[in-house]
Each structure stands twice: as structure tokens, then as C-alpha cells.
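User: I'm new to this structure and would like to learn how to read it. Could you walk me through the features step by step?

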Amino acid sequence: MIKTDILIIGAGPTGLFTVFEAGLLKLRCHLIDALPIAGGQCSEIYPKKPIYDIPGFPEVLAGKLTDNLLEQGKQFEPGFTLGERAETIDKQEDGSFVVTTNKGTKHQAPIVAIAGGLGSFEPRKPKIENISFYEDKGVEYFIKDPEVYRNKKVVISGGGDSALDWAIFLADVASEVTLVHRRNEFRGALDSVDTVQELKLLGKINLVTPAEVIKLHGDTKVEAVSVLKDGKEERIETDHFIPLFGLSPKLGPIGNWGLEIEKNAIKVDTFDYQTNIPGVFAIGDVNTYPGKLKLILCGFHEATLMCQSAYKMLNPGKKYVMKYTTVSGINGFDGSRKESPKAVVKAIV
Ligand SMILES: Cc1cc2nc3c(=O)[nH]c(=O)nc-3n(C[C@H](O)[C@H](O)[C@H](O)COP(=O)(O)OP(=O)(O)OC[C@H]3O[C@@H](n4cnc5c(N)ncnc54)[C@H](O)[C@@H]3O)c2cc1C
């Protein structure tokens, strides 16, 4: 059982900034995200795009913003459960919540902050009859650790940036890389398409287009796939089949947690973004209230106010006086201390 003060569902910009605001109040955080990396939409959809409306940053790449948020929160030593979807929530007798993921990992906290954005990003799965049997037995929809594929045979399917980028990357790792796409044209960055073409000529990528993987074979794990090309079925021996057809966001299991939902978003009050379940907050893109704007800076604001309420709930009766970080400095949980240089006090005579 992973125990923490604030359990954050979603490691997008809102969830990541919550770690910092909670840390200032000496509250520990643990984040769960269905994706294998932190950053939410910024990492998954547009890491290389510049954002122009983050206060104080005239221009910042979405991927860089994620890196900065991780760096800012690092001193408060957050825990992460990545690549797992928060599935169920159970209220305990002591008032705390236990959240369990689809992989069975249990987390307990007195406060839950849902920062789930548009919902958990679920992979778009190809319609192949027995594909679920092979999941985690050679079929993977995300690449978490490329080393898993070292000296293995890999078939990648898809025509976007992910499929192209991973085919290029794995060409130097796997013993054999086959890229199957149902069209001759790819939707990815032009230089990636050129690189795949070069690797094909060098014999490092086996390109099969226009074609489709239609069957999987193997008694206990993937051993081969059948590809349909020009009306003919061809069998390709492989250790892994990686369909990369993009992700679609779904509010998913959170929709069944007894929360008030309006237009696929969680209704909250505008005092501290608490939901209809006391102790469960919803912040960032996932919530709705009159005047709501789905912007990163609004998520930051909501996270800040929510942490103030969480502090009061966890420390009833304790007086809290808000101080500027320029005045109080920051005591990181890792023992670090940051503070501005003390002003020289001069006596006035
Ligand atoms: C192309 C594009 C451009 C944009 N440009 C801008 C811009 O210029 N300025 C701006 O302010 N905003 C912009 N946005 C919007 C901005 O990205 C969002 O407002 C922001 O990402 C919301 O952050 P979040 O942390 O609330 O949610 P998200 O970034 O959506 O992160 C939510 C995370 O929660 C996870 N999650 C959800 N449910 C579960 C579950 N059950 N279990 C585990 N994990 C779960 C998801 O996997 C996801 O990683 C843009 C969006 C897009 C798509």
C-alpha cells in the first residue's frame, strides 16, 4: 500500500504543479498516470509546440514546461505510479481513500486530487480477434523501456509520428524491425519519413505498405503475425507486435466514482474545487464550474487554492499564515533549502 498526504490522479501540468504547492505546505504527494511519462497533453500531444500564455514565459515548448515542472517539484520527492490507470476508489473507516489501479497497485491518502484532464489516454487498439489474449505477452501499445526489444524481432504498426519515431529508434536496438502501414503515405514529420526510407534502403527496417496486420499467432505469447498485402496473407515471425495508432482520452473509470458529472467533466465548487465527495477535489481540465477555462494557468490557480483547503483539512485548528516564497524560502523534503539573500539591515541614526 502506497501512503501519502495527497494522492493526485493525473501527472499533467496541473498534477505536477500540485506537488510544488503541496510541498510548500509540507504535504507529500503521489501521482498516478495511465501514461508511462509525466506531462499529460503537453507530453503526449504537443511536446514540441511552443506555448505563449504561461505567465513569465513569453514562449516555452510544452515538453520543456513539463521538464521545468518536474524539476520544480523534485525537491518535494513526489512518488509516481506511471503506466497504470486509477480504477476504483474506496472510502475507509478513518475517512481516507484507497485508490486501486488496473494493475492492482493500491494507494491510500486522506485527500484525493483528480487532475485527470480530458481523461485517461487509452490506446486505440486494432480490431484483431484475439489481441487481448496477447496483451503484455508480446503485444504492447506503449513503449516504456526500449531495452525490452534489444536483439528481438519487432513488428510496429501505424503511420504517425510514434510509429515512425519508434521504428527509427528500434532499428538500432532490435534484431529486426518491420513497419506495417495501411497506406503508402505517412502522417509523420517529413524528416522522419525520409529517415525511415533511408533505413529501408540500408536493410535496417522492413517496410510493408499498404498492408494491415490481421492475425496474431503463438500458444502462450506472440510468435508471429499475419499481414494482408495486395489481397495475400503473409506470415512474419516476431517476438513483439506494437500497434501505435494513437491515444483517445476517456474519463473512464472516474466516471463511476459517484462524482457529479456534467458534459464529461467533474462538477466542483469555486471556493476550493472540491467535488460532491468531501476530501476529493478535481482540478485542471477535468473539472467544470461557471466560467471554466481549460487553460494550463487556470489549472495552476486551482491547484494552489485546493492545496490550501487540503492543508486545513489535514491540520484542523492549526493556524496557517500564507507567506511569499521570497520571504519564507523553500525547505525541500530532500533537505535542500532555497532562500533569497538577506537584506542588509542598516540602522538609521
Ligand atoms: C494541441 C494543444 C495545444 C494546447 N495549447 C495550449 C496553450 O497554448 N495554452 C494553454 O494554456 N493550454 C493549451 N492546451 C490545453 C492544455 O494542454 C491543457 O489545459 C492542460 O494540459 C490541462 O492539464 P491537466 O493537467 O489538467 O490535464 P492533462 O494534461 O490532460 O493531464 C491529465 C493526465 O491525467 C491522466 N489520467 C486521466 N485519468 C486517469 C486515470 N483514471 N488514471 C490515471 N491517469 C489518468 C491522463 O493520462 C493525463 O496524463 C493545449 C492543448 C492541446 C491539445
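Analyst: We'll go from the overall picture to the core, the ligand and a few backbone details. This is a predicted model, where local features need pLDDT of at least 70, side-chain atom pairs count only at pLDDT 80 or more, and totals for chains, interfaces and linings use all residues. Residues are numbered from 1 along each chain as its sequence is written, and side-chain values use heavy atoms, with hydrogens and water left out.

User: How many helices and strands are there in the protein?

Analyst: Helices (H or I, at least four residues) and strands (E, at least two) are DSSP runs, numbered from the N terminus. Here you get eight helices and 25 strands. The C-alpha trace spans about 90 × 55 × 40 Å along its principal axes.

User: What percentage of the 349 residues is buried?

Analyst: Buried means under 20% relative accessible area, exposed over 50%, and partly exposed in between, using a 1.4 Å probe and protein chains only. In this protein, 48% of the 349 residues are buried. As for the surface, accessible areas come from the Shrake-Rupley method with a 1.4 Å probe, and for residues only the protein chains shown count as cover. The total is about 18,300 Å², with 53% of it belonging to carbon and sulfur atoms.

User: Which residues have the most contacts inside the largest nonpolar core?

Analyst: The general idea is that in soluble globular proteins, nonpolar side chains tend to be buried together. A nonpolar core is a set of buried Ala, Val, Leu, Ile, Met, Phe, Trp, Tyr and Cys residues joined through side-chain atoms within 4.5 Å. The largest one here has 57 residues, and those with the most contacts inside it are Ile6, Ile9, Val99, Val112, Ile114, Trp257 and Met306. Helix α7 gives the largest share of this core, seven residues. There's also a second, separate core of 20 residues, including Ala163 and Leu199.

User: What does α7 look like, and which of its residues are buried?

Analyst: An α-helix has 3.6 residues a turn, so residues three or four places apart point the same way. Helix α7 covers residues 296-314, which is 19 residues, and reaches 27 Å from its first C-alpha to its last. That is close to the 27 Å expected at 1.5 Å a residue, where the expected span is 1.5 Å times one less than the number of residues. Its buried residues include Ile296, Phe300, Ala303, Met306 and Cys307. Contact means heavy atoms within 4.5 Å. Leaving aside neighbours within four places in sequence, Met306 is in contact with Ile6, Thr18, Ile111, Ala113, Asp272, Phe281 and Ile283.

User: Is Ala167 buried or exposed?

Analyst: Ala167 is buried, because its relative accessible area is 0%. You'll find Ala167 in helix α5, residues 161-170. Beyond its neighbours within four places in sequence, Ala167 is in contact with Ile156, Val177, Leu179 and Ile205.

User: Which residues come nearest to the ligand?

Analyst: A residue is near a molecule if one of its heavy atoms lies within 4 Å of it. Of the 30 residues around the ligand, Asp33, Gln41, Tyr46, Ala86 and Asp285 come nearest. A polar contact is a pair of N or O atoms within 3.5 Å; within protein, one must be able to donate a hydrogen and the other to accept it, and residues adjacent in sequence count only if both atoms are side-chain atoms. An N or O atom in the side chain of Tyr46 is 2.5 Å from an oxygen atom of the ligand, while for the side chain of Thr14 the distance to a ligand oxygen is 2.9 Å. Ala34 uses a backbone N or O atom, 3.0 Å from a ligand nitrogen. Taken alone the ligand exposes 1,000 Å², and the protein buries 87% of that.

User: Which backbone features stand out from the general pattern?

Analyst: Most residues other than glycine have a negative phi, and most peptide bonds are trans. The bond from Thr209 to Pro210 is cis, with omega near -20 degrees, and Pro210 lies in the loop between β14 and β15. Asn151 has a positive phi of about 60 degrees and sits in the loop between α4 and β12. Tyr273 also has a positive phi, near 65 degrees. Asn151 counts as exposed because its relative accessibility is 59%, whereas Tyr273 counts as buried at 4%.
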